[in-house]
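Subject: Structure for you to look at

Hi,

Here is the structure I promised to hand over. Have a look at it first, then read my notes below.

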Amino acid sequence: MTVKPHSDLFSLGEHYFRTALAQLQQHGIEFSHKLHLSAADDLLCYYDLEQQAISLALPDRETAQGRLQLVLLRSLFGCDHNDEVIELLRLTLDWLIAHELAHHLRQHHGVLTANVWQEEQIANELALALSKPRVSLADRARAHHLLQRVTANLAKRLEADNSAVNSY
């Protein structure tokens, strides 16, 4: 499998973003006209409440910061090499965008609460509902394999049992 470079991953993210918005519109679900996708220089993807932006933190192998991001993510996720990190991001990108979109929808409709745990669980549910039908069985199997390794590595690093890590 060819691992996509940073710009291709962001383009794929834009496609997923447009697809999710179109899907929401088909079901009459409103979102802010200010909502947009942006590139982020951070370690992880997130939703910026103030900017109403889904910020994608995708490592760019061409920059020192991107290479450092890959090293950190590789260590955090327990991946053997950078290509696995990129593959994991590719496999979960649709879900990541849908997850952050859920935070936007809750903010936009005035139902966002201060209960972070609850908000993350709600965002996970919407992300799964939006993205799962678009994932091939082969990609689902590969993502499952990688995510099992990631959760085991995180549990070990956090000195927690897998159920605590898996619940997130």
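Three strands make an open sheet in the order S1-S3-S2, with mixed pairing. Strands here are DSSP runs of E with at least two residues, helices are runs of H or I with at least four, and both are numbered from the N terminus. Two strands count as paired if DSSP finds at least two bridges between them. At the edges sit strand S1 (36–39) and strand S2 (46–48), each of which pairs on one side only. On average, neighbouring strands of this sheet are turned by 35 degrees against each other, direction ignored. That angle is taken between axes, which are lines fitted to C-alpha atoms (for helices over the stretch in contact); angles run from 0 to 180 degrees between N-to-C directions. S1 and strand S3 (residues 53–56) run parallel and are joined by four bridges; His 36, for instance, has Ala 53 in S3 as its bridge partner.

A word on where this comes from: it's a predicted model, so local features need pLDDT of at least 70 and side-chain atom pairs count only at pLDDT 80 or more, while totals for chains, interfaces and linings use all residues. Residues are numbered from 1 along each chain as its sequence is written, and side-chain values use heavy atoms, with hydrogens and water left out.

Now zoom in on Gln 52, in the loop between S2 and S3. With a relative accessible area of 15%, Gln 52 is buried (buried means under 20%, exposed over 50%, partly exposed in between, using a 1.4 Å probe and protein chains only). Its side chain makes a polar contact of 2.7 Å with that of Ser 32. A polar contact is a pair of N or O atoms within 3.5 Å; within protein, one must be able to donate a hydrogen and the other to accept it, and residues adjacent in sequence count only if both atoms are side-chain atoms. Beyond its neighbours within four places in sequence, Gln 52 is in contact (heavy atoms within 4.5 Å) with residues including Tyr 47, His 104 and Gln 107. The phi of Gln 52 is near 50 degrees, a positive value in a residue other than glycine. Most residues other than glycine have a negative phi.

Next, the helices. H2 (residues 64–77) has 14 residues, and at 1.5 Å a residue it should span 20 Å; its end C-alpha atoms are 20 Å apart, which agrees. (The expected span is 1.5 Å times one less than the number of residues.) Which residues of H2 are buried? They are Gly 66, Gln 69, Leu 70, Leu 73 and Phe 77. These cover an arc of only 100 degrees around the axis, so they lie on the same side of H2; the arc is that of the directions from the helix axis to the C-beta atoms. Ala 64 and Leu 68, on the other side of H2, are exposed. Helix H3 (82–108) and helix H5 (137–158) are among what covers the buried residues of H2.

Helix H4 (residues 116–131) has buried residues too, including Glu 119, Ala 123 and Leu 130.

Cheers

How values were computed: The expected span of a helix is 1.5 Å times one less than its number of residues.
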